[in-house]
Amino acid sequence: MQTGLRGRDFISDLDFSKEEVETVLELAWDLKMKRALGQPHPYLRDKALAMLFFFSSTRTRGSFEAGMAQLGGHAAFIESRTTQISHGDTEKEMGDIYGRYFDGIAIRHCDWGDGNRYLNLVAEASRAPVLNMQCDVYHPHQCLADLMTIQEKKGKDLRGKKIVVSWAYASSYLKPISVPQSLILQMPRFGMDVVLTHPPEFQLMPEIMAQAREQAEMFRTSFEVMDNMEDAYKDADVIYAKSWGPLMTTADPDDGKILQDKYKNWLVDDAKMALAKKDAIYMHPLPADRDIEVTSAVLDGRQSVVMDEAENRLHVQKAVMALTMS
Ligand code: CP
C-alpha cells in the first residue's frame with residue numbers, strides 16, 4: 001500500500017500511481033461502509049476546501065460538498081463569476097492566496113485549451129493541494145468512481161474484462177472529451193482491455209492516445225480503436241457510452257454541431273446492448289441526453305449502474321480529500 005498522498009495534487013489520472021489509486025479505493029470502501037453504518041469519520045475536522053467552479057455541476061458539487069461535511073470540514077462553493085477573476089485575479093494570485101486560506105483547492109474549468117492550463121498554474125502557486133473537478137483534458141474523480149463501480153459489479157480482479165469507451169450522439173451541447181480520456185488512461189492499469197469507438201471526426205488528443213497505449217503495454221492489456229458501435233460492443237463486459245465534442249477536428253460550436261448531427265444513429269438502445277455480454281453493465285457519468293444519447297429503457301434498465309456510479313463519486317472523493325488534505 002502506498003500512502004504518501006498528503007499535500008499532493010490530483011489533476012491528471014496518472015498523477016497517482018496504480019498502487020496509490022488502490023490506496024484511495026481501499027479507503028473509499030471503508031468510508032462507504034462507515035457511512036452505511038452511520039459511523040462518524042471526521043478525518044478533516046477544522047479543514048476547509050475551496051470549490052471553484054467555472055462550469056455548472058450537479059454531482060460534482062454535491063458530492064464534494066457533502067463529502068467535506070461528512071469528514072468534519074467545510075467546503076466553500078465559489079462560482080468564478082462571483083470572484084474578482086474577471087477583474088484581474090491571476091492564476092498565481094488565486095493559488096497563492098487561496099492556498100493560504102484553504103487546505104485544498106478543487107477546481108472545475110472545462111474551457112477547451114484553457115482549463116488544464118489554469119489548474120496547473122494555480123497548483124504551481126498553491127501550498128495546498130489542487131484537486132481536479134473536471135478540466136478540458138481529464139475528469140479523474142469521475143474515473144475513480146467508475147473504477148470503484150466496475151469493481152463492485154465485476155469483482156476486484158478486472159484482468160481480461162472488456163470495457164468499450166464509446167461515443168454516442170447528443171444534441172444538447174458539445175460535451176468535453178475529459179471522461180473518455182480519463183477512462184483510457186486509468187482502466188488499463190487495472191487489467192481491463194479497452195476498445196475505444198467513435199466516428200472519425202471525434203478523435204481524442206494524440207498525446208493522451210499515446211499515453212493510453214503506453215499504459216496498455218505496461219500493464220499487458222489491449223487497446224483497440226474502432227469506428228462503429230456494433231463491432232465494438234460485441235462481448236463487452238462494460239459499455240461506457242457518452243457524447244463528446246469533435247474538438248480535434250473543430251473547436252467551433254456551430255461547425256461541431258453540424259458534424260455531431262451526422263451521427264444521430266449512435267444511440268445506445270436495447271439492440272446495441274444485446275451485442276455485449278448478457279451481464280454487461282451500462283455506464284454514463286450523467287447528465288445524459290435521454291432518448292437521444294441513450295434510450296430510457298437502457299438508462300433506467302437492469303444493466304444500468306448509473307446511480308451507483310454517481311453515489312461512488314462521494315466515497316472516492318472523500319478518500320482523495322482525506323489522503324491529500326489531512
Ligand atoms: N458526472 C459529473 O461530473 O456530473 P456533474 O457535471 O453534474 O458534476
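Predicted model: local features only at pLDDT ≥ 70, side-chain atom pairs only at ≥ 80, totals over all residues.
## About the model

Local features need pLDDT of at least 70 and side-chain atom pairs count only at pLDDT 80 or more, while totals for chains, interfaces and linings use all residues. Residues are numbered from 1 along each chain as its sequence is written, and side-chain values use heavy atoms, leaving out hydrogens and water.

## The largest pocket

Let's start with the largest pocket, which holds about 290 Å³ of space. A pocket here is an open set of points on a 1 Å grid over the protein atoms alone where a 1.4 Å probe fits, with protein on both sides within 12 Å along at least five of seven lines; lining residues have an atom within 4 Å of a point.

Its lining has 20 residues, and R108, Q134, Y173, L286 and P287 lie nearest the centre. Domain 1 (13–139 + 313–325) and domain 2 (142–309) both contribute to this lining, so the largest pocket lies between them. The domain bounds come from an automatic or database domain assignment.

## The second largest pocket

About 250 Å³ of space lies in the second largest pocket. Among its lining residues are F55, W112, D136, K175 and L247. Each of domain 1 (13–139 + 313–325) and domain 2 (142–309) supplies at least three residues to this lining.

Beyond neighbours within four places in sequence, H41 is in contact (heavy atoms within 4.5 Å) with L31, K34, R35, Q70, L71 and K318.

Key: Points joined across faces, edges and corners; volume = space filled by probe spheres on them.
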